[in-house]
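The sequence and structure are shown first.

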Amino acid sequence: MSIAPDTTVVLGHRFATELPELAVRWQAESAPEPRLLVLNESLAVELGLDPAWLRSPEGICLLVGTRVPADAQPVAQGYAGHQFGGWVPRLGDGRALLLGELVDPTQRLRDLHLKGSGRTPFARGGDGLAAVGPMLREYLVSEAMHALSIPTTRSLSVVATGRPVQRETTLDGAVLARIAASHLRVGSFQYVAAAGDLEVLRRLADHAISRHHPAAAQAENPYLALLDSVITAQADLIARWMLVGFVHGVMNTDNTTISGETIDYGPCAFMDTFDPKTVFSSIDSWGRYAYGNQPAIAVWNLTRLAEALLPLIADDEEQAVALATASLQDFPQLYTAAWSAGMRHKLGLGDGIDDTVAQQLVDELLELLVNERADYTSFFRRLARGVVEPAFEAWAARWRSLDPDLAAMQHVNPVYIPRNHLVEEALAAATAGDMEPFHRLLEVIGSPYDERPGFERYADPAPEDFGSCFQTFCGT
Ligand code: AMP
Ligand code: MG
């Protein structure tokens with residue numbers, strides 16, 4: 001790793017310094033032939049980085065981690081996690097690196113993190129690498145989520161490395177540069193709690209409070225307030241996923257952030273036909289992470305966080321359990337409030353309409369959507385133009401009698417989401433060397449509410465021959 005004296009990029013190392021127990025100093029593997037496939041210029045500007053410099057050979061070396069500022073301290077982060085319910089005490093960044101923290105022009109700390117940057121001491125049997133397709137997929141879906149106002153990690157770039165990656169076939173390697181409020185996860189707390197060092201646990205919790213939930217520091221019980229803040233952030237996040245029909249696919253505790261951002265776009269997908277049982281991930285044969293299960297799984301994951309925090313919440317374990325349990329019991333109400341408010345917006349219902357009336361209307365609609373096998377996204381968008389299929393007429397008559405605001409509905413019901421068939425089409429072209437369809441789709445999903453002539457096919461559900469059994473694979 002050489003030093004880049006010509007860059008003005010400053011990378012902090014607050015995580016590495018404050019939590020050395022969770023950090024292993026490491027460096028990225030060389031990239032034989034780095035080639036920038038996509039750069040998020042607006043995000044770069046938002047971070048105070050110069051897009052033109054990032055496109056230069058030195059900039060690209062930063063984006064693959066082979067040249068970092070002199071004072072940077074890249075680390076692989078340690079964390080544990082429950083994967084599909086099974087405890088794994090040592091996961092960690094097997095193929096990722098936290099290069100450091102950027103301070104954006106609003107003084108916010110943002111992690112600059114790489115995925116696919118080579119094996120680390122956490123790699124276990126893995127090769128430490130990532131392929132072009134899955135990294136472009138994360139880029140596309142995370143940017144779509146951002147455009148839909150859903151808290152998420154962002155994608156700064158994907159660079160093809162020129163290194164072959166062996167999967168079922170030989171693929172081109174790539175490194176994704178990811179930006180996050182932080183990479184602290186429930187699994188970070190589990191890792192420290194399992195090691196049993198209370199001082200480190202307190203330091204981790206203080207770090208999390210300071211970075212993400214500063215108001216908790218003023219609370220009578222700051223660590224209980226931290227738990228409450230994460231519960232609130234996650235309830236809000238999951239409600240937003242549900243409202244757009246997003247299925248994460250791997251809601252393991254190591255993929256559940258403390259910040260409340262969506263993280264790790266593996267086998268995720270947007271649901272086409274409305275069905276709570278929808279699962280895309282090829283490895284989720286039990287439907288643990290099905291669309292309709294996501295709120296319950298969030299509670300399960302937050303319960304693991306609560307367990308890890310118990311020794312900080314109260315000295316007396318029974319008392320700690322009682323406090324944490326009461327906090328966890330708030331989730332359903334927080335989630336339902338966020339979801340119901342979102343549904344009211346989707347249906348254009350004003351504040352004057354009674355909750356019970358709105359609720360009943362929503363419940364009936366969900367049942368109809370399932371029975372009619374309606375395309376979730378286009379149903380709401382068409383409704384916003386006052387268009388419904390005959391099967392929905394009786395329901396729609398009652399909805400119309402509530403005087404919905406159709407114009408407002410156009411601002412919350414997307415026309416364009418990264419539909420699976422479009423994503424697959426863009427990635428197939430990209431891996432064959434043609435980035436044009438990828439950039440076009442990126443542009444479309446970047447303004448999801450803004451219906452544009454000539455883009456009709458991006459609004460349409462999958463063609464019949466795409467099949468209804470679309471699967472996503474974890475082999476990323
Ligand atoms: P994920 O499913 O991407 O959240 O990853 C789960 C765990 O597997 C994390 O500890 C990753 O670092 C690790 N992992 C996934 N793929 C690889 C790989 N190709 N090489 C090394 N570790 C990996
Ligand atoms: Mg992960």
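The points below concern a predicted model.

1. The UniProt record, an unreviewed entry, assigns the feature "active site" to Asp254. This residue lies in the loop that runs between strand S12 (246–247) and strand S13 (269–270). Asp254 has a relative accessibility of 6% and is therefore classed as buried, the cut-off being under 20%.

2. Which residues are in contact with Asp254, leaving aside its neighbours within four places in sequence? They are Tyr79, Ala80, Gly81, His82, Gln83, Leu91, Arg185 and Gly187.

3. The structure contains 31 salt bridges. One of them joins the side chains of Arg14 and Glu18, at 2.8 Å from N to O. Because the two are four residues apart in helix H1 (residues 14–18), about one helical turn separates Arg14 from Glu18. Arg14 is partly exposed, at 26% relative accessible area, and Glu18 is likewise partly exposed, at 28%.

4. A salt bridge also forms between the side chains of Arg211 and Asp111 (2.8 Å, N to O). Arg211 belongs to helix H7 (residues 198–212) and Asp111 to strand S9 (residues 109–115), so the pair ties together parts 100 residues apart in sequence. Arg211 is buried, with a relative accessible area of 14%, and Asp111 is buried at 1%.

5. Glu138 and Lys115 form a further salt bridge, with their closest N and O atoms 2.9 Å apart. This pair connects distant parts of the chain, Glu138 being in helix H5 (residues 132–147) and Lys115 in strand S9, 23 residues apart. Both Glu138 and Lys115 are buried.

6. Finally, a network of salt bridges links Glu46, Asp104, Arg108, Arg110, Glu143 and Arg154.

How values were computed. Residues are numbered from 1 along each chain as its sequence is written. Chains are lettered from A and ligands numbered from 1 in the order in which they are written. This is a predicted model: local features need pLDDT of at least 70, side-chain atom pairs count only at pLDDT 80 or more; totals for chains, interfaces and linings use all residues. Side-chain values use heavy atoms; hydrogens and water are left out. UniProt positions are given in the numbering used here, feature names are shortened, and annotations may be inferred rather than shown by experiment. Buried means under 20% relative accessible area, exposed over 50%, partly exposed in between (1.4 Å probe, protein chains only). Contact means heavy atoms within 4.5 Å. A salt bridge is a side-chain nitrogen of Lys or Arg within 4 Å of a carboxyl oxygen of Asp or Glu.
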